[in-house]
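Reader: Hi! Could you walk me through this one? I have a few quick questions.

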Amino acid sequence: MTDEQRERQRALKRETAARLADIWTSPPQELERVLDTDTRLADYCGGVVEHPDEHNLYELLGVLRFFDFAGRYRWDGKAVRKFAKFYESLKFNGINGRQRYTLTPVQYYQFANIFGWRDVDGRRLTRSVYIFVPRKFSKTTSAAALAVYDMLFGDSNAQAYVAANSYQQAKICFDEIRAIMMGIDPSGRVFRVNREQISYNLAGHSAFIRCLSGNAKTQDGLNASLVIMDEYAQARDTATKSGADLKNTLTSSMGARREPLTVVITTASDVLDGAFAKELDGAKAVLRGELINDSLFASLFMPDVDDREDNPATWRKVQPHLGITVQPDFYRHEWEQAQLSADNMMVYRTKLLNIFAQSERERWIDDKLIAKISQPLDVDDFGGLAAYLAIDLSRCDDLTAVTTAILDRDHGRLYYINDYFFPRGALSGHPDRALFAEWGERGAIHLTDGDIIDYRDIVEHINRTAQVMPVHGIAYDAWGSVDLGNYLRTQGMGDILFAVPQSYGYFTAPLRSFERWAKEGRVVLADNPITRWCFGNCVLDTDSQGQQKPYKAAHNLKIDGVITILMATRQILYINT
């Protein structure tokens with residue numbers, strides 16, 4: 001996204017927020033009658049209007065469109081309340097077994113948009129629905145309730161299809177529907193339930209719900225009344241019987257239906273050019289008013305252009321059920337797990353932030369440049385120069401890296417000496433034991449006594465360095481090395497500690513500076529095979545703001561020495577600017 005596009009989105013959000021506030025201050029009578037349907041409807045709309053920074057642009061545009069519809073279409077509050085009562089009578093699967101759930105304000109708003117508006121002929125206005133939400137929003141319960149409702153209260157010959165790209169995905173939703181029906185009719189007297197279809201034949205009512213997948217061989221003669229596409233964002237093409245082709249086959253069979261309904265309920269994926277990504281662009285254009293399609297309803301949850309991926313406010317914005325169906329600390333934990341690899345980060349972005357993304361892993365610095373800037377170095381040769389240290393304490397029984405960065409202002413150079421520590425007692429059973437043992441024999445790594453890293457070894461190393469040159473700062477991982485930071489404070493080093501959060505914003509500047517200095521010949525690395533190994537394992541990842549961070553090319557590799565070099569560089573940039 002260009003800077004110009006970003007600014008247009010910022011301006012549109014400011015404009016939309018102002019228009020919503022004006023309407024909310026003095027709402028027309030038609031809108032008041034709509035909002036009186038249920039307090040949850042007013043709660044959701046009011047929350048968006050009064051706290052626009054807590055909601056994304058397309059949420060605001062959706063509510064503005066809802067307000068506009070109140071003056072142009074007839075509202076059927078009875079139909080909305082009927083569905084809500086039905087939903088809340090069903091039992092769904094949960095962590096405490098099968099139980100009933102009360103619709104949340106955002107769910108009530110979504111279903112109200114589906115069932116509330118009527119066109120000039122009295123038919124349900126909404127025919128296409130896009131619910132674009134992160135994982136664990138209760139997508140399955142929403143889809144299951146819609147399918148059961150259509151079978152029971154829709155056309156007498158209703159045909160509801162629950163479809164997905166894979167059979168396994170389609171079965172997740174369909175199995176929830178089967179469980180609902182078996183709970184309603186445990187004796188099987190009214191509903192016939194089998195592996196892939198539920199039938200209802202009673203008093204002239206002959207309806208069914210069927211499970212289909214993208215590789216199913218659909219036949220002629222379909223007459224769909226409801227189509228639910230689950231995880232449609234993963235559909236890749238329309239050349240074969242993929243999810244996209246299946247959706248087209250099903251929706252094209254709805255011509256005879258008076259109130260057909262197609263519902264896409266999905267989370268983002270890594271399929272950037274798939275069918276859903278294109279349809280999502282169209283839905284956004286409708287919300288922006290660039291396309292006219294009043295039969296389409298879209299509820300889209302994603303970050304705004306300036307939202308940081310590590311910000312709890314962003315997490316609350318993209319996941320309206322945080323603290324409801326999602327544990328309050330879940331996003332924090334998953335963000336920390338995302339730091340472990342580029343693949344983890346890609347899953348975090350697509351499934352939790354609801355951003356279309358791919359793992360574009362770019363090798364950072366090639367071996368030739370690292371070899372060119374590496375030479376034997378010894379701390380004792382730099383007496384009197386300023387030293388900046390950085391520590392990456394992986395796990396107490398794994399590799400620990402300590403970088404000593406030395407700033408030589410007179411010659412415009414930076415020297416980096418990496419030391420590595422590993423507890424000798426942890427070698428047995430470690431996947432890299434042979435490599436670490438060999439490096440220990442060569443003096444490339446300090447194999448310490450015991451089964452875990454002793455903080456006293458780190459302090460002793462710092463004190464040895466401080467005897468040669470003044471230590472101006474010690475950078476450490478603000479999240480992963482809290483105990484080490486506390487220990488260093490007890491050793492009288494609190495005044496020079498420098499906490500570095502492991503986020504994109506903190507790594508971008510040192511990444512770019514180090515690379516530029518290395519190419520300019522201003523960087524010298526101490527020749528160490530572990531440092532070269534770490535650089536060889538390192539790839540770059542770019543976030544939605546264009547900021548970058550180093551990652552392991554594979555989860556079992558290590559880049560500790562690269563991380564400490566960049567933490568020390570960050571410290572130098574901060575202190576010397």
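This is a predicted model: local features need pLDDT of at least 70, side-chain atom pairs count only at pLDDT 80 or more; totals for chains, interfaces and linings use all residues.

Reader: Which residues in α15 meet which residues in α19?

Author: Residues are numbered from 1 along each chain as its sequence is written, and side-chain values use heavy atoms, with hydrogens and water left out. On your question: from α15, Leu-435, Phe-436, Trp-439 and Arg-442 meet Pro-529, Ile-530 and Trp-533 of α19; contact means heavy atoms within 4.5 Å. Six of the residues in this contact are nonpolar, none polar and one charged. Here Ala, Val, Leu, Ile, Met, Phe, Trp, Tyr, Cys and Pro count as nonpolar, Asp, Glu, Lys and Arg as charged, and the others, Gly among them, as polar.

Reader: Nice. At what angle do those two helices pack?

Author: About 145°, with the axes of α15 (residues 433-442) and α19 (residues 529-536) 11 Å apart. Axes are lines fitted to C-alpha atoms over the stretch in contact, and angles run from 0 to 180 degrees between N-to-C directions. Helices (H or I, at least four residues) and strands (E, at least two) are DSSP runs, numbered from the N terminus.

Reader: Switching to strands: are the faces of β19 covered or uncovered?

Author: Both are covered. Val-523 and Leu-525 on one side, and Val-524 and Ala-526 on the other, are all buried, meaning under 20% relative accessible area, while exposed is over 50% and partly exposed in between (1.4 Å probe, protein chains only). In a regular strand, side chains alternate between the two faces of the sheet.

Reader: And which strands does β19 pair with?

Author: β12 (residues 374-375) pairs with β19 in the parallel sense over two bridges, and Ser-374 stands opposite Leu-525. β15 (residues 413-423) also pairs with β19 in the parallel sense, over three bridges, with Tyr-415 partnering Val-524. Two strands pair if DSSP finds at least two bridges between them.

Reader: New topic. Where is Ala-256?

Author: Ala-256 sits in the loop between α9 (243-251) and β9 (261-266).

Reader: Why does Ala-256 count as exposed?

Author: Because its relative accessibility is 69%.

Reader: How far is the C-alpha of Ala-256 from that of Asp-155?

Author: Those C-alpha atoms are separated by 11 Å, although Ala-256 and Asp-155 are 101 residues apart along the chain.
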